[in-house]
Amino acid sequence: KKVENPVYFLREIVVSEVNFVRKCMGTVTTRDDLWGKLICTNFKVSFVTHDPSRQKFQYCNRLLGDHDVPLACVEQLVTVNDTTGKQKVLLSNRKLKFSPTELIIYCKDFRILRFRFDESGPESAKKVCLAIAHYCQPADPLLLFGFEYVGKRYDGSSGTMFLSLSCIMSYQKVVLIQSMLVLSQVVKRVQFFHLCLCDGRSTLILFLSLPEHFVVPVSLADQDLRQFSCSFAGQRIPLWCWNHPNGSALVRMASIRDVAHQRKLEQRVCSAVTRSHPKRSDVLQSNLDRSLPRIQDVQTSLVKLRQICVFEPYQESEDKWFSSMESSGWLENVRAFLQHSIEVVHMLEGRGMSVILQEEEDRDLSCVVSSLVQLMLDPHFRSIEGFQSLVQKEWVMAGHRFLDRCNHLKKSSKEESPLFLLFVDCVWQLMNQFPSAFEFTEIYLAVLCDSMWIPVFSTFLFNCPRQRAEHSRDFAQSRYLFLGEEKTLRFPPVWDWSQQFSHRDQALFNSPFYVGKRAAPCVQNGAVKTFKRTKKSYSSTLRGMPSMQNGMLGRHGSLPRRNSLILRFRPESPARREAPESTLDHFTRDWLSRPADPHGLLLPQLLPSHLKLWRLYFLRWVPEARIPHGGMVMALHKLSLLADEIETLQMKLRQYSGGPTPGCSSDRVTLSPEQRRMYFRGSPLPITPQQPEYLSSAFPFSPVGNLSRPEVLGTPLRKFLSGARLWLSSETLVNQTP
């Protein structure tokens with residue numbers, strides 16, 4: 001059989017390849033295994049199969065094939081020799097003294113891939129294993145594939161960049177917040193004018209990790225910035241994040257290392273924030289380093305969670321599995337960040353106080369908390385466009401160290417921490433409790449996390465905008481490229497989804513649950529009119545939940561339902577009457593007593609019964625967790641069909657009342673594919689759309705080929721590798737005698 005032709009990109013080169021490789025699709029039997037060619041390029045590990053007839057989803061990534069893994073996604077490589085029983089963790093520039101019969105690839109997205117070389121040449125198998133080990137651990141940032149991917153688009157002689165029209169159009173739609181004009185529009189949107197837009201170049205200060213343009217309280221003059229910037233860790237001066245309509249501001253800053261002037265500086269900053277408040281309200285300083293888990297603790301909890309989700313027997317009905325999940329600490333970390341964000345929301349909304357988030361370097365924990373607070377308070381950030389601008393503003397431009405935290409260079413595991421994944425999990429918890437408040441789906445969030453390991457997007461490649469400019473200059477000098485006025489390579493942002501997906505597949509990101517504020521047409525006396533959904537007359541202030549400590553019920557024995565009368569008739573003990581209710585308790589209790597408004601404030605409930613494991617992301621590769629024709633995708637399918645039908649009817653009403661609709665033919669009343677927002681689309685009447693056979697709780701991902709098969713239900717996952725040890729530490733295997 002003829003091998004499929006792999007797709008390569010600009011500057012992607014084949015480093016090594018080996019034929020007659022068997023990819024293990026099962027764990028007990030080999031009848032479903034695939035035969036093909038294993039290829040290592042400077043971008044990915046690719047398996048090109050002889051048998052392309054296997055059923056595929058319609059969902060397709062333009063950068064990766066069905067059996068491809070980006071090199072940046074490789075967590076660990078283990079080679080095995082069946083004859084001698086030897087195993088070795090492959091590291092860059094290390095020798096392999098035996099011929100491997102098997103290669104196991106552990107991926108950062110929880111996948112495990114296993115390849116057998118029984119029919120392959122031993123030298124070719126050894127070369128491809130060493131090549132993968134070498135290229136998945138680049139020694140320099142300039143060796144990341146993103147530079148090759150983007151650099152090829154520049155003409156070295158003229159300095160021009162080759163971009164297709166579709167690529168240019170997609171760039172224009174992405175809000176990157178990289179110019180003073182765009183940043184001024186962000187400030188204007190909150191209708192607050194006691195702020196000052198600063199240009200880091202005009203202030204003559206070298207801000208190592210801040211963007212060129214940022215916002216500070218107007219009373220902090222340039223003279224103050226020049227005088228006090230060196231006193232802050234990393235010169236991370238106070239930065240404005242967001243303003244509440246009541247005037248309270250959310251500000252973030254690094255710790256003050258100049259002990260002699262610490263008190264004076266704190267008073268100066270607090271005074272500036274107070275003067276920017278129309279009511280001169282007080283300011284609360286929130287020390288995140290003392291209140292939240294360390295970044296190392298977050299990394300440890302993810303390692304434990306990976307062990308449970310990938311290797312432990314999946315038996316969700318048993319208490320042992322739940323106990324193991326709880327002991328990982330991941331959901332406890334999610335609860336801690338959500339709880340602290342609720343406390344900040346209470347200060348901003350409930351008490352009208354400005355809040356300063358203070359962290360040692362202001363580049364990790366503050367990114368999570370500031371983003372969650374704005375998501376809870378501002379419905380704009382729950383739209384797709386708003387969410388993208390939020391990540392750009394609070395993560396990318398604010399200098400979150402994606403290069404180090406993702407450990408793209410695999411230099412130090414001490415710097416690695418999945419803070420962005422933790423943030424996205426917190427967003428999913430909010431979405432799970434308030435599905436109608438978010439324009440995007442959990443598929444959007446899962447794909448966003450997966451994109452961290454595709455090293456071509458500027459969003460996740462650098463520690464700060466300044467580092468991006470420096471590396472771009474170094475790469476341009478080494479390749480004799482002329483960058484022109486931009487002075488930096490034009491990397492595509494992850495928000496340019498056309499780089500990865502077709503327009504049809506991007507429709508998976510649109511939620512049919514979303515209750516937007518778009519004007520909806522209606523028919524009155526034969527004419528089509530529009531109306532807008534009006535907000536409720538009550539305030540969006542939150543109230544109403546029993547007192548909780550770390551997400552657990554305190555002196556209350558149960559959590560009442562909304563509008564429940566149980567609290568009115570429950571007798572109160574004398575001790576309970578003596579203990580006054582805190583303002584936070586009253587704030588949350590008052591909010592929960594009202595119907596939830598998807599366009600108002602959102603407060604998640606943090607009891608263990610409300611915080612759940614994000615199954616689509618963490619369990620998508622486990623066949624035992626896969627529910628055929630089950631899960632949230634079934635509701636997504638049904639509501640998508642309904643939403644698509646409503647859009648079609650709205651279009652017909654517009655056409656019948658006001659003439660032809662753009663994008664529709666004059667003789668047929670149909671929406672063009674580009675106009676239809678839903679992935680699942682209805683059929684013309686009287687045809688009833690059929691439910692796709694491939695739908696499952698793991699959609700659009702497939703666990704096929706990840707060392708487990710549905711026919712081995714109940715078999716412990718740790719036995720699937722036929723005796724090979726799982727996720728062995730590098731120290732253990734490197735010290736073994738080969």
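Predicted model: local features only at pLDDT ≥ 70, side-chain atom pairs only at ≥ 80, totals over all residues.
Reader: Why are β4 and β6 said to stand at the edges?

Author: The open sheet has eight strands in the order β4-β3-β2-β1-β8-β7-β5-β6, with antiparallel pairing. Both β4 (69-70) and β6 (86-89) have a single partner strand, so one side of each is left without a neighbour in the sheet.

Reader: Why is Tyr-135 called partly exposed?

Author: Its relative accessible area is 33%, and because buried means under 20% and exposed means over 50%, Tyr-135 falls in between and is called partly exposed. Tyr-135 belongs to helix α1 (residues 122-135), and together with Ile-13 and Val-15 it forms a nonpolar patch on the surface, with about 230 Å² of accessible area in all.

Reader: Which residues touch the most other members of the largest nonpolar core?

Author: They are Phe-423 and Phe-618, in a core of 166 residues, to which helix α14 (residues 419-433) gives the most, with 11 residues. Apart from this core lies another of 20 residues, including Val-215, Leu-265, Cys-270 and Ile-356.

Reader: What does Phe-618 touch, leaving out residues up to four places away in sequence?

Author: Its contacts, for which heavy atoms must lie within 4.5 Å, are Phe-110, Leu-302, Leu-305, Cys-309, Trp-330, Leu-421, Asp-425 and Leu-613.

How values were computed:
Residues numbered from 1 in each chain as written. Heavy atoms only, no water. Patch = residues over 30% accessible without salt bridge, like charges linked within 9 Å, V, L, I, M, F, W, Y side chains within 5 Å. Areas by Shrake-Rupley, 256 points an atom, 1.4 Å probe, with all protein chains shown as cover. Salt bridge = Lys/Arg side-chain N within 4 Å of Asp/Glu carboxyl O. Helix = DSSP H or I, 4+ residues; strand = E, 2+ residues; numbered from the N terminus. Buried < 20%, exposed > 50% of the residue type's maximum accessible area, 1.4 Å probe, protein only. Core = buried A, V, L, I, M, F, W, Y, C linked by side-chain atoms within 4.5 Å. Pairing = 2+ DSSP bridges.
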